[in-house]
Amino acid sequence: MASPRPAEALRAAIGAGLALILCGLLLIAAQDAVGTGGGFLLIAPLGATAFLLFAVPNSPLAQPWSAIIGNTVSAVVAVTVLQIGVPPVLAAGLAVGGAMAAMALLRALHPPGAAVALATILGASMDGVPGYDFVFAPVLLDTVALVLMAVVYNRVTGRHYPFRQPAEAGPHQTADPAPERRLGLTPGELSDVLARFNMSANIGAEDFGRVLAAAEAEAARRHFDDLTCAAVMSRDLVTVTPDARLRLVADLFQRHDFKTLPVVTADGRLAGIITQNDLIQRARRAALGASFADSLGRVLGAARSGGLRARDIMRQDLPIVAPGDGVGVLVQLLADGGVQAAPVIEADRLVGIVTRSDLIAVLARQTLLATAIARAA
């Protein structure tokens, strides 16, 4: 396998070590609080659980349900095997096999669960047959404590845990994949592909979509390797200042028949972007029971009187590109439904803009060129 990045390996190692130390201290404190000399202790399989939670937090095997339920049900199976008096020569195999079957039925696959089952069987030969209180403490208690620490540590150090889930469809949306995937596949279809290759335990559907999208973007970058944003961007820009009234913005949209209007400061720095949809949404919020036409007129009337300016509706969280960036970068930015255009920035100044129409024109030219070359060959 590929060598992990040193920083990531160190992050995971520190997290797992700190979590086990804190978990041990918490269990000692709990033991003192209830006045018992046993029951609250760390068990060896938690080392494997900690590895999964901190080193591969994106794995389905490491998610809270898998870890907590997997370890717990495995302990239940092992204690049950011991309680019914299965001969020692059979107990280990039955406990581990039963634990694996139970985890599969509960959709809680967690490899350390099998170690919990085996450790329970082996420990019984030295410490006696445990009761079902062993399931609660230490197994369930230890695992829950580790999972809570993993949630906090992974979030603080920049990792997603629990892993990403497909976005839920809104009341007027279909269950399409999240915009960043741009694959034309629903979460269910991505899950079906993973199941077809028996990889459902290796990666979640959301992360699988992100990997496919990244591969698609990389392929696009290579395909357009010699073509830069500077070659396709629009240079003769129509812009407004942040203080421009919305009436002027609406007039510019109507006069030039474009859908995106950059907002720039007096020294040429990009302040934001206004789209036609931004203007429409502002009118919709002002509707208050009126018709959309009346609402839009109301918004523009307020703009004429000086109440609303371009800065009031412009977007500032903008994806930007540089003139030397390859056109392939634009595929990732413009192919989803959230971004209409990508500003081109050089030395902190707006020098151009690439719209979806520009990208479609490039794709069309490349397709025609490829077709012509193929026919000539």
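Which residues of α4 are buried? They are A91, A95, A99, A102 and M103, where buried means under 20% relative accessible area with a 1.4 Å probe, protein chains only. The model is predicted, so local features need pLDDT of at least 70 and side-chain atom pairs pLDDT 80 or more, while totals for chains, interfaces and linings use all residues. Residues are numbered from 1 along each chain as its sequence is written, and side-chain values use heavy atoms, without hydrogens and water.

**View 1. Helix α4 and its partners.** Helices (H or I, at least four residues) and strands (E, at least two) are DSSP runs numbered from the N terminus. The buried residues of α4 pack against α3 (64-83) and α5 (111-127). R107, which follows α4, has a positive phi near 55°.

View 2. Strands β1 (residues 260-264) and β2 run antiparallel and are joined by 5 bridges; pairing requires at least two DSSP bridges. T260 stands opposite T275 in β2. Between the strands lie 5 residues, and G268 in this hairpin has a positive phi near 85°. In β2 (residues 270-275), 5 of 6 residues are buried.

**View 3. The largest nonpolar core.** A nonpolar core is a set of buried Ala, Val, Leu, Ile, Met, Phe, Trp, Tyr and Cys residues joined through side-chain atoms within 4.5 Å. Of the 26 residues in the largest one, L53, F54, V139, L146 and V147 touch the most other members. Helix α6 (133-156) is among its suppliers and gives the most, 9 residues.

Definitions and conventions
Buried means under 20% relative accessible area, exposed over 50%, partly exposed in between (1.4 Å probe, protein chains only). Contact means heavy atoms within 4.5 Å.
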